[in-house]
Amino acid sequence: MLASKGAVVSDSRVMMRTLFSPCNISHISVISFGRKSSSKAFSAKMELSITRPDDWHLHLRDGDVLKTVVSHSAHHFGRAIVMPNLKPPITTTAAAVAYREAILKSLPANSDFSPLMTLYLTDTTSPLEIKLARESQVVFGVKLYPAGATTNSQDGVTDLFGKCLPVLQEMVEHNMPLLVHGEVTNPEVDIFDREKVFIEMVLSPLVQKFPRLKVVMEHVTTMDAVKFVESCTEGNVAATVTPQHLVLNRNSLFQGGLQPHNYCLPVLKREIHRQALVSAVTSGSKRFFLGTDSAPHDRRKKECSCGCAGIYNAPVALSAYAKVFEQANALDKLEAFTSFNGPDFYGLPRNNSKIKLSKTPWKVPESFSYASGDIVPMFAGEMLDWLPSPL
């Protein structure tokens, strides 16, 4: 597991392999673990060449924050499903098209990064809007936020099986995926149980009622979610998994004091759930794919008396995923998780370009400045083992 403030670190061990497929991997080396890495620990260099990944769950925000963070995702990923929870939210196709243009204008020169837009589902979304979204060829999903579940979700759904029923039926007809934040918002439900209860009370009935609806359960955090996704029809229900839920558990929120930059929603869970997620993504299952849920917030909104939920991981996500697969002795399955399973589920072509992951220690910046403040990334100031770069 990646070493971090408050992270649970597995015992040091050595892994050596001589053949990996489908990734192209050369220069086998000894793998060491520890919070502070040194280039002297590597007697040889390991490199992986994989198909350029996509990020199937990304927050880019808008304004100055967008201009600061979009280059980090564009450097590593070919495409990204962009979340619509702005203020005001992206509830119409016209708004999605305008937001896409803003993203494209904020990209570095010569970038070929492609934002895949989403609509924010509300109780008043119309079936016609789904038709317009599909015809636009820029909207690739509709996001279900239970009202009050997470950042800027106050305009979310309160009556999924009532007011939203015609929209769900239209989504089936147009093969439009429903992207789900899978937590109930009932304050009587323990925050660590909200994903499990959502599956029981909402998601399972939804899949039974609409067996042809394509559903992505985003940022799954529990063994309950893993079991549910695995029980569904392959190709209809899938899940994204974040780097933070693969490398951190709920102890990471509190060790050494309250750690606001490890706070996200869904909240980190017990170690047994983290292990279940690792087993799922490294198993080779096509049902799970990369979705960072990278969520930038100004430092002042994280380090305060009532801090925002969200971890900014875009600069470190691929490094973290690579470490997880390396420790699971499953680097041969990394490319499918990062680059194949997502586009296959969405019915999109896989990327043609490649990226390189080098076993080269590098230090994560302490922060990224923008006009109004700065953003602290995941693993700020720490050494990571895997360095991604374009080919």
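These legends describe close-up views of one predicted model.

Residues are numbered from 1 along each chain as its sequence is written. Because the model is predicted, local features need pLDDT of at least 70 and side-chain atom pairs count only at pLDDT 80 or more, while totals for chains, interfaces and linings use all residues; side-chain values use heavy atoms, with hydrogens and water left out.

**View 1**
Helices (H or I, at least four residues) and strands (E, at least two) are DSSP runs, numbered from the N terminus. The chain has 391 residues, and 59% of them are buried. Buried means under 20% relative accessible area, exposed means over 50%, and partly exposed lies in between (1.4 Å probe, protein chains only). Take the contacts between residues at least 6 apart in sequence: 73% of them join residues at least 24 apart. A contact here means heavy atoms within 4.5 Å.

**View 1. K214, a buried lysine without a salt bridge.**
K214 sits in the loop between α5 (194-209) and β8 (215-218). A salt bridge is a side-chain nitrogen of Lys or Arg within 4 Å of a carboxyl oxygen of Asp or Glu. For K214, the nearest side chain of opposite charge is E234, 10 Å away. Lys and Arg count as positive and Asp and Glu as negative; His and the chain ends are not counted. A polar atom of the K214 side chain does lie 2.7 Å from the backbone oxygen of G235. Leaving out residues up to four places away in sequence, K214 touches N175, M176, P177, L178, G235, N236 and F345.

**View 2. Helices α6 and α8, packed side by side with axes 8 Å apart.**
Helix α6 covers residues 223-231 and helix α8 covers residues 271-281. Their packing angle is about 30 degrees. The two helices are therefore roughly parallel to each other. Axes are lines fitted to C-alpha atoms, for helices over the stretch in contact, and angles run from 0 to 180 degrees between N-to-C directions. Angles under 35 degrees count as roughly parallel, over 145 as roughly antiparallel, 65 to 115 as roughly perpendicular and the rest as oblique. From α6, M223, D224 and V226 meet I272, H273, A276, L277 and A280 of α8.

**View 3. The buried residues of α8 and what they pack against.**
The buried residues of α8 are H273, R274, A276, L277, V278, A280 and V281. They pack against α6, β9 (237-241), α7, β10 (288-290), α10 (317-327) and α11 (334-346).

**View 4. L268, in the loop between α7 (243-247) and α8.**
L268 is buried, with a relative accessible area of 1%. N249 is 19 residues away along the chain, yet the C-alpha atoms of L268 and N249 are separated by 5.3 Å. Neighbours within four places in sequence aside, L268 is in contact with F192, Q244, H245, L248, N249, R250, S252, L253 and N262.

The structure holds 17 salt bridges. D112 counts as exposed, at 55% relative accessibility. R52 is buried, at 9%.

**View 5. K323, E326, K359 and D385, joined into one salt-bridge network.**
K323 and D385 meet through their side chains at 2.4 Å, N to O. K323 belongs to helix α10 and D385 to strand β14 (residues 383-390), 62 residues apart. Both ends are buried: K323 has a relative accessible area of 3%, and D385 stands at 5%. E326 forms a salt bridge with K359, with the closest N and O atoms 2.7 Å apart. E326 is in helix α10 and K359 in strand β11 (residues 354-363), 33 residues apart. E326 and K359 are buried too.

**View 6. K87, an exposed lysine in a loop.**
K87 lies between β4 (79-82) and α2. Its relative accessible area is 63%. The C-alpha atoms of K87 and D62 are separated by 9.2 Å, and the two residues are 25 apart along the chain.

How values were computed
Polar contact = N/O pair within 3.5 Å; in protein donor to acceptor, adjacent residues only side chain to side chain.
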